[in-house]
Amino acid sequence: MGMTIAEKIIAAAAGVESVKPGDIHTVQLDRLMSNDGTTHLTVDMYNNKLKNPHIADTKKLVFIVDHNVPSDCPKTAASQKKMRDFAKANNIDFWEGKGVCHQVMIENYVRPGELIFGADSHTCSYGALGAFGTGVGCTDFLYGMVTGTSWVLVPESVKFNLTGKLPKGVTARDLILTIIGEVGANGCNYQVMEFTGEGAKTLSISDRMTLCNMAVEAGAKTGIFEADEKAMDYLKEHGREPKAVFHSDPDAKYVREYTFDLSKVRPVVARPDFVDNVVPAEEACGIEINEAFLGSCNNGRIEDLRVGAEIIKGKKVADKVRFLVVPASQTIYRQALKEGLIDIFMEAGAIVMNPNCSVCWGSCQGVIGENEVLISTGTRNFKGRAGHPSSKVYLGSAATVTASAIAGKIALPSEI
Ligand SMILES: CC(C)[C@@](O)(CC(=O)O)C(=O)O
Ligand code: SF4
């Protein structure tokens with residue numbers, strides 16, 4: 001029987017000819033990524049719980065400080081020191097302040113055909129380059145670190161057949177929110193969301209990252225695209241070669257298929273407190289905001305900053321509204337500087353911050369207070385996600401977030 005891309009990656013990692021959903025296989029991991037959310041816990045377990053602590057292959061490990069960088073209190077300073085010291089002592093690739101972990105991974109490590117575990121649920125982003133990335137807890141991470149292997153229960157795949165092209169002013173962010181709104185937050189639990197079709201080819205690597213990154217918000221094990229010419233160009237630009245390029249077989253089995261016509265997608269907003277609480281943006285327009293956030297591993301790329309800068313150029317952030325602009329990596333930040341985007345944002349009154357997770361979650365910077373409202377390009381809008389439990393988070397595209405920052409209330413670019 002034919003196999004999907006995801007099944008082929010798992011089969012290769014397991015060293016077997018073929019796999020099918022429901023099988024459990026021991027797999028060789030190509031890489032393991034851990035960030036400052038949990039690495040200190042992994043290090044504690046490594047030091048205190050193992051009889052014979054050792055690392056299978058230090059070259060496979062990447063540690064990234066991004067969730068609280070620079071550190072905001074003595075407690076995070078201490079856990080980051082633990083992570084930093086461990087990385088140094090064990091010769092582990094270590095990144096600090098260079099960008100949000102998934103962005104750093106895609107810019108510097110991920111290759112098509114790889115199987116990558118990350119101690120963070122948005123590791124599913126790596127499917128943008130045809131890799132199988134998935135999130136694990138720090139116990140599974142530790143196991144992978146010590147043995148270089150892990151186990152995988154082969155997931156079923158769901159096919160998302162994309163047709164057409166996104167209209168002007170509508171972004172991949174609107175598309176993934178639309179998809180999640182339709183399938184639901186548990187709609188693809190433990191399944192692979194495979195994005196394919198002519199419409200998929202029209203999407204940039206940045207768009208593909210935006211789609212795969214939020215696969216976990218539909219409960220998926222991962223999201224994946226075939227590595228096509230665009231992926232190959234991206235790899236070449238970044239000085240890397242694919243591990244293996246897999247295509248889904250024509251007779252590969254999918255548990256469900258959906259078709260989305262990209263030309264019909266419109267700007268949408270996910271209302272509090274669930275990512276699948278998606279409505280046409282117009283229905284949320286007029287809601288007063290206190291803060292707007294343009295950034296995160298979902299939507300902090302140069303393409304997103306360009307969208308925001310074009311809208312805000314020559315305009316001002318509304319009175320008493322904080323507009324946080326946070327490039328997802330230093331590479332993006334420097335590119336934005338070169339293109340004059342940072343100047344445009346600052347001129348408009350935005351607060352431009354160093355690359356980090358920022359207010360995508362409520363423990364970094366920009367945390368919102370009691371009853372405050374945030375419109376965000378982050379990944380989640382759960383209760384208290386960005387700060388006080390009574391605060392509210394709306395999710396929208398870079399265009400909607402920027403227009404809202406100018407209007408002081410949720411708005412579309414056409415209204416400002
Ligand atoms: C640590 C946390 C804020 C996280 O990065 C964790 C995760 O995705 O697993 C998130 O986005 O929810
Ligand atoms: S930017 Fe948001 S979703 Fe991405 S890793 Fe950071 S906290 Fe998690």
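Contact here means heavy atoms within 4.5 Å. Helices (H or I, at least four residues) and strands (E, at least two) are DSSP runs, numbered from the N terminus. Axes are lines fitted to C-alpha atoms, for helices over the stretch in contact, and angles run from 0 to 180 degrees between N-to-C directions.

This is a predicted model, in which local features need pLDDT of at least 70, side-chain atom pairs count only at pLDDT 80 or more, and totals for chains, interfaces and linings use all residues. Residues are numbered from 1 along each chain as its sequence is written, chains are lettered from A and ligands numbered from 1 in the order in which they are written, and side-chain values use heavy atoms, with hydrogens and water left out.

Two strands pair if DSSP finds at least two bridges between them. Strand 9 (residues 191-196) and strand 10 run parallel and are joined by four bridges; V192 stands opposite T222 in strand 10.

A second open sheet has five strands in the order 4-3-2-5-6, again with parallel pairing. Strand 4 (93-96) and strand 6 (132-135) stand at the edges, each with a single partner strand, so one side of each is left without a neighbour in the sheet. The twist in this sheet averages 20° from one strand to the next. Within the sheet, strand 2 (residues 31-35) and strand 5 (residues 115-118) run parallel and are joined by three bridges, and M33 stands opposite G118 in strand 5. Helix 5 (residues 138-147) packs on this sheet, touching strand 2 and strand 3 (61-65), and its direction makes about 135° with that of strand 2.

Two packed helices are described by the angle between their axes and the distance between the axes. The table lists two such pairs.

| Helix pair | Angle | Axis distance |
|---|---|---|
| Helix 2 (residues 39-49) and helix 5 | roughly 55° | within 9 Å |
| Helix 12 (residues 302-312) and helix 14 (residues 341-348) | about 45° | 9 Å |

Angles under 35 degrees count as roughly parallel, over 145 as roughly antiparallel, 65 to 115 as roughly perpendicular and the rest as oblique. Helix 2 and helix 5 are therefore oblique to each other. Their contact is made by L41, T42, M45 and Y46 of helix 2 and C138, T139, F141, L142, M145 and V146 of helix 5. By class, this contact of helix 2 with helix 5 has eight nonpolar, two polar and no charged residues. Ala, Val, Leu, Ile, Met, Phe, Trp, Tyr, Cys and Pro count as nonpolar, Asp, Glu, Lys and Arg as charged, and the others, Gly among them, as polar.

Helix 12 and helix 14 are likewise oblique to each other. In helix 12, I302, L305, R306, G308, A309 and I312 meet L341, I344, F345 and A348 in helix 14. That contact of helix 12 with helix 14 has eight nonpolar, one polar and one charged residues.
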